[in-house]
Structures are given as structure tokens and as C-alpha cells.
Amino acid sequence: MAKRQKKASDHPERSKNFFGTWKRLIQYIRRHLPAIALALVFAFAGTILTLLGPAKLRDITNLITAGMATGIDMAAIARIGLLLICFYVAGMVLSVAQGAIMATVTERVANRMRGDISKKINRLPMWFYNRTATGDILSRVTNDVDTIAESLNMSVSELVTSATLMIGSLVMMLLNNPVMTATAVVATIIGFGLMSLIMGRSQKFFVRQQKHLGEINGHVEEIYTGHTVVKAYNGERSARATFLRMNGNLRDSSFRAQCLSGMMPPLMGFIGNFGYVAVCVVGATLVFNGKADFGTIVAFMIYIRYFTRPLSQIAQSMQSMQSAAAAGERVFEFLDAEELSDESGKQTSLPQTRGLVEFDHVLFGYEDADRIVIHDFSAVAKPGQKVAIVGPTGAGKTTMVNLLMRFHELQSGEIRIDGVPTSELTRQAVHDQFCMVLQDTWLFEGTVRENLVYCEKNVSDAKMRRACKAVGLDHFIRTLPKGYDTVLNDQVNLSQGQKQQLTIARAMIADRPMLILDEATSSVDTRTELQIQKAMDALMKNRTSFIIAHRLSTIRDADLILVMRDGDIVESGTHQTLLAQDGFYAELYNSQFDNS
């Protein structure tokens with residue numbers, strides 16, 4: 001289903017989705033519709049006041065023209081001029097109010113949309129992130145939402161203003177002189193036809209532009225994250241070639257979108273000038289024949305501008321709305337992605353966890369692949385046991401731990417904690433049973449203290465320092481400029497080993513009923529490893545612990561060793577028992593010993 005959706009999103013003909021996307025945007029902002037309606041009323045009223053201006057200018061012109069023979073009525077001109085100033089001042093106030101309302105609404109919509117995306121991120125299954133670039137998600141949160149906000153802020157009110165100005169000008173021109181009005185309308189019809197033709201061809205390029213922008217953001221984020229590896233393998237040229245290809249795609253789609261849409265303003269300007277000249281010529285002829293006065297020509301010279309200028313504004317607004325439709329399509333595609341299953345009726349806690357964990361004929365394959373990774377896994381970890389999971393790369397060791405944490409759902413079989421299937425527990429309830437130390441360390445920009453007590457409440461300084469002393473990190477932290485209150489950022493350089501020590505201390509502070517270690521000491525030296533191992537032994541006491549290890553020398557004292565190969569347990573037992581069997585485990589162990 002996901003692959004079919006991906007193909008559909010890449011389809012070049014997307015103009016049919018323009019109105020559908022905007023319909024969803026309107027549904028999305030429906031709580032703000034009263035405020036938007038008020039802003040549009042202000043825009044409409046301001047435009048009407050603007051349209052009344054040329055009529056008063058016509059009266060002033062006629063008064064001056066008539067006064068050239070008999071005497072100018074300055075009092076009448078002053079009254080009309082004062083009224084005209086009031087119109088323009090009121091129009092300005094309404095325009096400012098309309099702009100303030102729309103700015104407020106659009107920022108609230110953007111804020112809500114980013115909040116919904118943030119919530120969605122936490123509700124998506126792990127497999128979604130396995131096939132979606134981080135930079136592409138970032139692009140949807142930033143670029144696409146900003147595009148939608150800018151379009152809402154500008155194009156919606158401009159469309160109302162432009163339509164009102166155009167229709168109002170047409171009415172005023174008809175009231176003044178139908179012949180000159182017909183001249184203006186003919187020129188405008190030509191402009192509308194050309195604008196519709198260009199819009200139909202440019203929409204697909206706006207969709208491609210947003211898609212290619214997401215791709216290039218994903219590539220930049222990926223290369224920046226792995227820039228050390230890129231440099232170590234002299235991959236700059238290859239990375240640059242990939243970037244140039246993606247940048248070229250973005251340039252081509254952006255050029256075509258902007259080129260086609262950019263044709264509209266000058267085209268509309270030409271149509272406007274053409275209509276202006278036509279009206280002047282026709283108006284001069286009518287005045288010469290005595291069928292119009294100079295005031296009407298002056299008014300028409302302004303009305304024709306009011307009548308044709310909206311074409312250019314409408315063209316720009318439609319261009320903005322096309323960009324918003326393309327961005328909205330990407331945002332809604334993300335918001336519509338399949339979420340984790342509802343857990344409202346599941347058990348939310350496990351009181352007094354003993355730590356009995358049972359794997360019962362577990363079968364699993366990743367959601368976006370057809371291959372089965374875990375074929376028929378069965379094992380029992382008794383309370384307080386130290387269970388080691390070993391095997392060659394790709395055997396399924398980390399996958400088993402991910403299944404235990406319910407990061408993925410089983411195809412068949414069960415995993416039970418104290419007799420309760422994890423499928424009957426909420427994911428949060430399962431996660432509350434484990435503290436976890438991964439091979440890939442994760443620290444965020446914050447103080448050392450905040451990283452240590454991550455998501456734990458009421459942690460005392462004494463408990464925090466005991467954990468750091470246990471892993472040999474306390475002395476280093478106290479040498480930092482502000483000790484435990486030092487902010488970890490680019491200016492504070494931690495080695496990979498120190499980062500791993502910090503995450504192990506974090507697990508000690510969490511103090512959960514069970515423990516998962518995935519190569520937790522892979523980045524520390526031998527001396528530090530021995531110190532951490534002692535701390536780990538103390539932490540694992542009376543806790544069911546699952547240890548994924550490649551260095552088999554570190555798990556010789558495990559209560560149970562599960563040997564995995566190709567998704568199945570091929571051997572199980574203690575270290576000495578497995579060596580005595582002289583099987584696959586003995587082969588692995590001896591190969592490491594020989595290499596050493």
C-alpha cells in the first residue's frame with residue numbers, strides 16, 4: 001500500500017489535486033474562519049473605498065473644467081478633496097487591520113500544523129523512519145509549512161481584494177460609459193485566457209519543486225551527519241556529484257515553475273497597458289464627438305488600472321496557491337501516514353515486575369521487506385538472570401531486543417513479561433520495564449545533568465554522582481567549566497567512550513526492573529571497560545538483563561547464553577557448557593581467541 005502511495009505522489013499530473021489540497025487546508029483552518037472572514041470583509045470594504053476615489057476625482061476634474069470658463073468653486077473642490085482623503089485613510093486602516101488579522105491567523109495555523117507534525121512523528125511506527133530520510137521530514141516541518149503560511153497570509157486576501165477591485169471597477173465603468181467599458185473587457189478576457197493556460201502547465205512543476213527540495217535536504221542532512229566517514233573514504237567527489245544531480249533537478253523544476261508563473265505578471269502588465277491605451281484612444285474619440293467629458297476619461301484612466309492590475313495580482317496569488325498546494329500535499333501525505341495501532345484498551349502498567357521474560361515461537365519480518373528475519377525463536381529468561389545473545393552479524397540479535405521493547409510488532413508468536421503478553425501492554429508500559437544502553441550513543445544539546453536524568457523526575461544529586469563515579473565519569477565532569485551544569489554542544493568535545501559512559505550512567509539512574517545492553521562497552525578502553533563492567537555487574541544484580549555482545553569474553557559469566565544464527569537459536573547454555581559441546585559457539589569463541 002505504501003509503495004502504491006509513493007508512486008502516486010511522484011505522478012507528474014497533479015493539477016487535479018490542487019483544489020482537493022486546498023479543500024483540506026480550509027478544513028484544517030476552519031476554527032479560524034471567522035477571523036479570516038473578518039479580514040476579508042476589511043479587505044472588501046477597503047477596496048470599495050478605493051473604488052470610490054476615481055468617482056470623486058471625476059467630479060473634481062469636471063468642476064475645474066467647468067470653472068475655467070466661469071470660475072472654480074474652491075469650496076466644492078475642498079469638500080470633495082476632504083471626503084477623498086477620508087476614503088483613503090479609512091481604506092489604509094482597514095488594510096492594516098486585515099493584514100494584522102491574517103498574519104495572526106497564519107502564524108497560528110503554522111504553529112498548529114508543526115505541532116500536529118510533531119505529534120505525528122511520535123505516533124509513527126519505526127519502519128516509517130527506516131524508509132524516509134530525516135532531511136525530508138525536516139523539510140516538511142520547515143519549508144512546506146512556511147510555504148503554506150506565506151500563501152495563506154498573502155494569496156487569500158489578495159484574491160478577495162483583486163476580485164473586488166476588478167468587479168467593482170467593472171461596475172463603476174459600466175455606470176460611467178459602456179462603450180469604454182467594453183474596450184477594457186476585451187483586453188482582460190485575453191489576459192484571463194493566457195493566465196489559465198499557463199497555470200495548467202505550471203502546477204506539476206511546483207509539485208516537483210517541493211519534492212526535489214525535500215530530497216536535497218535529506219541528502220545534506222545525511223552527508224553532514226556522516227561527514228567524518230565521507231572524508232575518511234575520500235567521498236567528497238561522490239557526495240558532491242550526488243548533490244549536484246539533486247541540485248540540478250531542483251534547479252530545473254524550480255526554473256520551469258518560476259519561469260512559467262513568472263510569465264504572468266509581465267503578460268498581465270502588457271494587457272493592462274494595451275487596455276489603458278485603447279481606453280484613452282476610445283475616450284478621446286468620445287470626448288471629441290461630445291459623448292463623454294474629461295472627468296470620465298480621468299476616472300477611466302484610473303479604473304482601467306484598477307481593472308487590469310488585479311490580473312497580475314491574481315496571477316501571483318495563484319502562483320502562491322500552487323506552491324501551497326504542492327507543500328500542503330506533502331504535509332498531508334505525512335499526516336495521513338499509517339500510525340501505530342490504538343492502545344486505549346490495553347494494560348498500562350505491570351505492578352511489582354519480577355522479570356520473567358518468555359519468547360514463544362516468535363516470527364518476524366520487517367514491514368517494508370518480504371524476508372523473514374526471526375523464524376522460530378523460543379527462550380525463557382528467569383527473574384534476575386543475565387542473558388547474553390550472541391551470534392554473527394545479521395543473525396537477529398538487535399532485532400530480538402527491538403521486538404522485546406515493542407519497537408516492532410510480531411507476525412506470530414508471543415513475548416511475555418511475568419506471563420503478560422507484551423501485545424496486551426501499552427508500549428509505554430513495556431518501555432517502563434527496561435533501561436537501555438545502545439552501541440550508538442545519543443546526547444542532546446543540554447546540560448550534563450539534563451542528559452543524565454533524561455525523563456526521570458526527582459533525581460537527587462547524590463544518586464546522579466554515584467552513577468557517574470561507578471562508570472568513571474565523575475572526575476571528568478567536575479573538570480568541565482560548569483561541572484554537571486555544563487551545556488553539551490559543539491564547544492564541549494566528548495570522546496565516543498565518554499558519551500557511552502554517560503549513557504550507561506543514564507541507565508543506572510533510570511533504575512528500571514530490567515536492563516538491555518547492546519554492545520554497551522564497545523567504544524571504551526580496556527581499563528575503563530573493567531571499571532564499567534563492575535558497575536554493570538552491580539546494576540544487573542537482581543535484574544533480568546539482556547546483553548548483546550560481539551566480544552564473547554565479556555559474557556562468560558552469563559547465566560544463559562543464546563546463540564543465534566539466521567534468526568534461530570541454534571545453541572543455548574552457559575559458557576562452559578557451550579564450549580564443551582564444541583559447536584557453533586565454540587567456533588565463534590575460539591575464532592576470537594585465535595585472532596587476539
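Helix α18 is followed by Asn542, a residue with a positive phi near 65 degrees. The model described here is predicted.

The protein chain has 596 residues, of which 45% count as buried. Its secondary structure comes to 20 helices and ten strands. Among contacts between residues at least 6 apart in sequence, 79% join residues at least 24 apart.

**Helix α18**

Helix α18 covers residues 526-540, and its 15 residues should span 21 Å at 1.5 Å a residue.

Which residues of α18 are buried? They are Thr528, Glu529, Ile532, Ala535, Met536, Leu539 and Met540. These residues cover an arc of only 130 degrees around the axis, and therefore lie on the same side of α18. On the other side of the helix, the exposed residues are Thr526, Arg527, Leu530, Lys534 and Ala538.

The buried residues of α18 pack against several other elements. Three of these are the strands β3 (386-390), β7 (514-518) and β8 (544-548), and the helices α15 (461-470) and α17 (496-510) are also packing partners.

**Helix α12**

Helix α12 runs over residues 397-404, and seven of its eight residues are buried, so the helix is largely enclosed by the rest of the structure. The buried residues are Lys397, Thr399, Met400, Val401, Asn402, Leu403 and Leu404. Just after α12 comes Arg406, which takes a positive phi of about 60 degrees.

**Positive phi values**

Most residues other than glycine have a negative phi.

| Residue | Phi |
|---|---|
| Arg406 | about 60 degrees |
| Asp418 | near 55 degrees |
| Cys455 | about 65 degrees |
| Asn542 | near 65 degrees |

Asp418 is placed in the loop between β4 (412-417) and β5 (420-421). Cys455 is found in the loop between α14 and α15. With a relative accessible area of 63%, Cys455 is exposed.

**Aromatic rings**

How many aromatic pairs does a search of the whole structure find? The search finds seven. In one of them, the rings of Phe128 and Phe334 have centres 5.7 Å apart and planes at 70 degrees, so this pair is edge-to-face. Phe128 belongs to helix α5 (residues 126-130) and Phe334 to helix α11 (residues 294-335), so the pair ties together parts that lie 206 residues apart in sequence. Both Phe128 and Phe334 are buried.

Trp442 and Tyr454 also form an edge-to-face pair, with 5.5 Å from centre to centre and 70 degrees between the planes. Trp442 lies in the loop between β6 (434-437) and α14 (448-452), while Tyr454 lies in the loop between α14 and α15, so the parts tied together here are twelve residues apart in sequence. Are these two residues buried or partly exposed? Trp442 is partly exposed, at a relative accessible area of 45%. Tyr454 also counts as partly exposed, at 38% relative accessibility.

Three phenylalanines, Phe359, Phe377 and Phe546, form one aromatic cluster.

Charged groups sit over some of the rings. The charged end of Arg24 sits over the ring of Phe332, at 4.3 Å from the ring centre. For Arg565, the charged end sits over the ring of Phe584, again 4.3 Å from the centre.

**Cysteines**

A disulfide is a covalent bond between the sulfur atoms of two cysteines. A search of the whole structure finds zero disulfides. Cys435 counts as buried because its relative accessibility is 3%, under the 20% limit. Cys468 is also buried, with a relative accessible area of 0%.

**Gly99**

Gly99 is part of helix α4 (residues 74-123). Its relative accessible area is 29%, so Gly99 is partly exposed. Gly99 and Asn153 are 54 residues apart along the chain, and their C-alpha atoms are separated by 7.9 Å.

Key: Residues numbered from 1 in each chain as written. Predicted model: local features only at pLDDT ≥ 70, side-chain atom pairs only at ≥ 80, totals over all residues. Heavy atoms only, no water. Helix = DSSP H or I, 4+ residues; strand = E, 2+ residues; numbered from the N terminus. Expected span 1.5 Å × (residues − 1). Buried < 20%, exposed > 50% of the residue type's maximum accessible area, 1.4 Å probe, protein only. Arc of directions from axis to C-beta. Contact = heavy atoms within 4.5 Å. Phe/Tyr/Trp six-rings, centres within 6.5 Å; stacked < 30°, edge-to-face > 60°. Lys NZ or Arg CZ within 6 Å of the ring centre and 35° of its normal. Disulfide = S-S within 2.5 Å.
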